[in-house]
Structure formats: C-alpha cells, structure tokens
Amino acid sequence: MPMDTQLLHTLSALGFTNGPVAMAFLTTPPAGFQRVDRADAAGCGYWKQASEGRAFYTMADDHGNCPIGAFTHGVELSPEKGRELQSLVDTMIELKYIQSDEVPSIPRRTTPMQVTAYAPLAQATFSPDVVIFRGNVRQIMLMSEAARAAGVFEAGGVMGRPACAMIPRAMDTAAGVASVGCIGNRVYTGLGDNELYLTVPGPKIGHVLEKLESILTANRELEAFHRRRAETLR
C-alpha cells in the first residue's frame, strides 16, 4: 500500500521523532519481509523498532515475553504463559492498579494471531490494519484534529492501560483511539513523559492525511490570531 507522496510530505511537517508505524495482522508474511531476529521484551517494543525505520514481521511465539500484549493481540497462550498472565493480573489487582471486573472488558483480538507485519508508514507494502502515531501533545493534538475532520475520531475518553489495547479497539470500532500509554509501555519503548499515542484504522489513514494539510494551515492562522489577540489584551 504505497502512500501518496504528497500526503507523506504533509505529514513530515509535524516533525515526528518516531515515525508513524503501519501494522497488520496477516496469515502469511509480506513479500520481501524478514522475521524479527529476536523476541522483544514486549509487543509494543516492535512499534518502536518500526518507528525507527525497520520493516519486519513477527510470529505468535515472538510475543511470548509479554502476556498482556499477547492477550490483547490474540496470541494463543500456552498453559505456562496463561498462568503467567493470571499471576500478573492478580498482582495488578493486589496493587489496586486495576479492578478485577475490568479484566473482561480489556479490548482484545479474538482471531488467533498468525503473522504481524510492521513497517514505517512510508515503507509499508501491505494494507495496514492500524497506523500508530507517537508524538508530543501538540503533534497528537493536530493528528487527532485531522482524524476528527475525517470523521474517524470522536470526542470521548482517552485510553490508558494497557497501551496495546488501543490496537484492537481501533480495529473493532473503525475509529481513531488516543492513548496515554501505560507504565510498561513507557519502559519498553522509552515513551517520554510528554508523549502519547493516536492509533488510526488503516483503511482510514489516507482520508485522515488528506485532512491534515487544512488542519495545519488552520492552526497556523489561528495561532497567529490568538497571539495577536493576547498581546492586545495584556
């Protein structure tokens, strides 16, 4: 799915330090892609690798180090990993980090995971299920305004723990999802204290980026207006 070069040029104006990541759940690896060379500590670590320029795919057993991420991604857990997941959930409940009745409502893929492809958006040769944007508050503000203009991001709550749950939520609702991440994600990806995420459904990404240019222009004009107004009212 080669992206329109003009749309990508518009996107570059935001100056993301970590580029947007295209991600897809597939039955076979994309042509020319290599499997990741080693299992990461968490599934969200693969987002970071792709945001830094790598294109690759993973198999289900590449997600075994993070039971929570495996759960949200639809990885079929072995009995041992299932017990590890339950132990981790029990610990989080004991710490009052989550309530026991929250667990069944955590978004997750119900289709068993086979192959997951990751690539920088500009390099994606597959049709993404989601595109993950990581940026500072201003960057995500602008992307969320573009998504709202495209009709795929409505006002509502921002997701938190676990960060990886935003992926199945965006896929299930066909809508953009903002997430402040979670402490595990911040450790495994180095997400900064001023950074958060926006996940856009892959089929909608072109429309969102089409709206971005007008959003950027509007914000430049409005910022200049508000700065002039602020000066006159001092």
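Biologist: Is Tyr118 buried or exposed?

Modeller: Tyr118 is buried, with a relative accessible area of 0%. Buried means under 20% relative accessible area, exposed over 50%, and partly exposed in between (1.4 Å probe, protein chains only). The model is predicted, so local features need pLDDT of at least 70 and side-chain atom pairs 80 or more, while totals for chains, interfaces and linings use all residues. Residues are numbered from 1 along each chain as its sequence is written, and side-chain values use heavy atoms, leaving out hydrogens and water.

Biologist: How far apart are the ring centres of Phe56 and Tyr118?

Modeller: Their centres are 5.2 Å apart and their planes at 20°, so the pair is stacked. Rings of Phe, Tyr and Trp (its six-membered ring) pair if their centres lie within 6.5 Å; planes under 30 degrees apart count as stacked, over 60 as edge-to-face and the rest as tilted.

Biologist: Which parts does that pair tie together?

Modeller: Phe56 lies in strand β2 and Tyr118 in strand β3, so the pair ties together parts that are 62 residues apart in sequence. Strands (E, at least two residues) and helices (H or I, at least four) are DSSP runs, numbered from the N terminus.

Biologist: Which residues are in the ring cluster?

Modeller: Ring pairs link Tyr46, Phe56 and Tyr118 into a cluster. Tyr46 is also buried, with a relative accessible area of 0%.

Biologist: Changing topic, how many residues of helix α2 are buried?

Modeller: In helix α2 (residues 44–51), seven of the eight residues are buried. Among them are Cys44, Trp47 and Ser51.
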